[in-house]
Amino acid sequence: MMLKKLLVAVVVAGLGWSAFWFWQANALRSEIADRFAEARADGWQADYDDLSVGGFPNRLDTTLTGVELRSPDGNTGWSAPFFQVLQLSYKPGHLIAVWPDDHTLIRNGQTYYIAGQNQRGSLVFDAEDRVIRANAEASVLTVTPAEERPMEITGLNAALEQVPADPMAYRLGIQAGTLGAPGQEAPARDMELDLTAHLTGPILTRPGDPPQPRRIELRTLKQTLPPMTLRIDGDLDVDKGGRMDGALRLQASDWRAYLDKTGAGTGPAQDLVRGVVEVVTLMSGGDELDVTLRLDDGQMSVGLLPLGPAPRLRLP
């Protein structure tokens with residue numbers, strides 16, 4: 001009798017979970033279809049050839065094929081033969097995204113053809129749509145602007161994580177093995193970025209204006225341009241208009257050898273640049289470049305040497 005009751009309980013639980021999974025799958029499918037319909041109502045081209053949800057019994061794996069997105073003015077868009085979003089049915093706030101090897105991005109009217117391998121990402125967010133952490137990776141990624149030379153990056157890994165003590169601060173880390181034109185003899189390598197950005201608000205998954213930076217704490221920005229290695233660190237405050245104030249320490253080793261190797265030391269303009277760098281190197285008191293770049297009231301300078309207006313930092 002006990003065995004019969006246990007068997008009945010297992011069957012009922014299985015049927016209940018199956019019904020719950022199919023309800024989740026249908027709700028997810030309807031939500032995606034509604035989002036595309038809303039975009040079309042706003043004037044976007046938003047189409048797909050097919051939408052399917054699988055992964056029974058524990059996952060909700062969504063696959064879109066033949067995806068086409070284009071803004072009303074045509075200046076923003078994305079197209080791909082397929083796109084997948086994977087998640088566990090009992091963890092709705094944790095998504096894994098899988099991109100195809102080849103897809104196309106339009107940004108500010110410029111078309112970029114993207115080709116790569118193992119393009120994946122993940123996103124974790126809370127019940128209020130606040131991003132907790134995000135990751136992206138690609139073993140090889142080649143971006144080719146229309147009618148321009150391609151650029152290839154290898155070993156790309158990027159991670160973004162909310163600072164536990166400050167929900168409006170995020171730590172960003174990016175690493176890559178190489179960056180340059182495909183087949184380039186000596187591409188940039190060993191790239192590393194580590195910073196904390198204090199924002200005007202948390203990053204949200206829902207549409208809306210992004211929060212803007214109000215302080216950047218740059219621990220490391222490092223890149224090797226053989227044979228030169230460049231390092232930058234420092235802190236910057238950012239006002240509402242995007243103007244930056246603070247100081248950055250710039251270090252460059254073997255910069256003379258780099259200029260000689262690349263032929264960047266020949267010609268009047270190049271000679272002028274080299275002369276300026278020589279003067280700045282002497283100011284740093286050694287053979288290697290080690291100076292402080294100051295940003296104050298929208299202007300840049302190194303010591304008493306003014307460098308002109310500083311760029312403004314605004315997130316699009």
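Phe83 counts as buried, at 18% relative accessibility. Buried means under 20% relative accessible area, exposed over 50% and partly exposed in between, with a 1.4 Å probe and protein chains only. This is a predicted model, in which local features need pLDDT of at least 70, side-chain atom pairs count only at pLDDT 80 or more, and totals for chains, interfaces and linings use all residues. Residues are numbered from 1 along each chain as its sequence is written, and side-chain values use heavy atoms, without hydrogens or water.

The whole structure holds 4 aromatic pairs. Rings of Phe, Tyr and Trp (its six-membered ring) pair if their centres lie within 6.5 Å; planes under 30 degrees apart are stacked, over 60 edge-to-face, the rest tilted. Two of the pairs are tabulated.

| Pair | Centre to centre | Angle between planes | Class |
|---|---|---|---|
| Phe36 and Tyr48 | 4.9 Å | 90° | edge-to-face |
| Phe83 and Trp99 | 5.6 Å | 55° | tilted |

Phe83 sits in strand E4 (residues 77–88) and Trp99 in the loop between strand E5 (94–98) and strand E6 (102–107), 16 residues apart. Helices (H or I, at least four residues) and strands (E, at least two) are DSSP runs, numbered from the N terminus. Trp99 is partly exposed, at 28%. Trp78, Phe83 and Trp99 make up one aromatic cluster.

Phe36 lies in helix H1, and Tyr48 in the loop between strand E1 (45–47) and strand E2 (50–54), so their pair ties together parts 12 residues apart in sequence. Phe36 is buried at 12%. Tyr48 is partly exposed at 25%.

Helix H1 (residues 2–41) also holds Gln24. Gln24 is buried at 15%. Beyond its neighbours within four places in sequence, Gln24 contacts Leu60 and Ser89; contact means heavy atoms within 4.5 Å.
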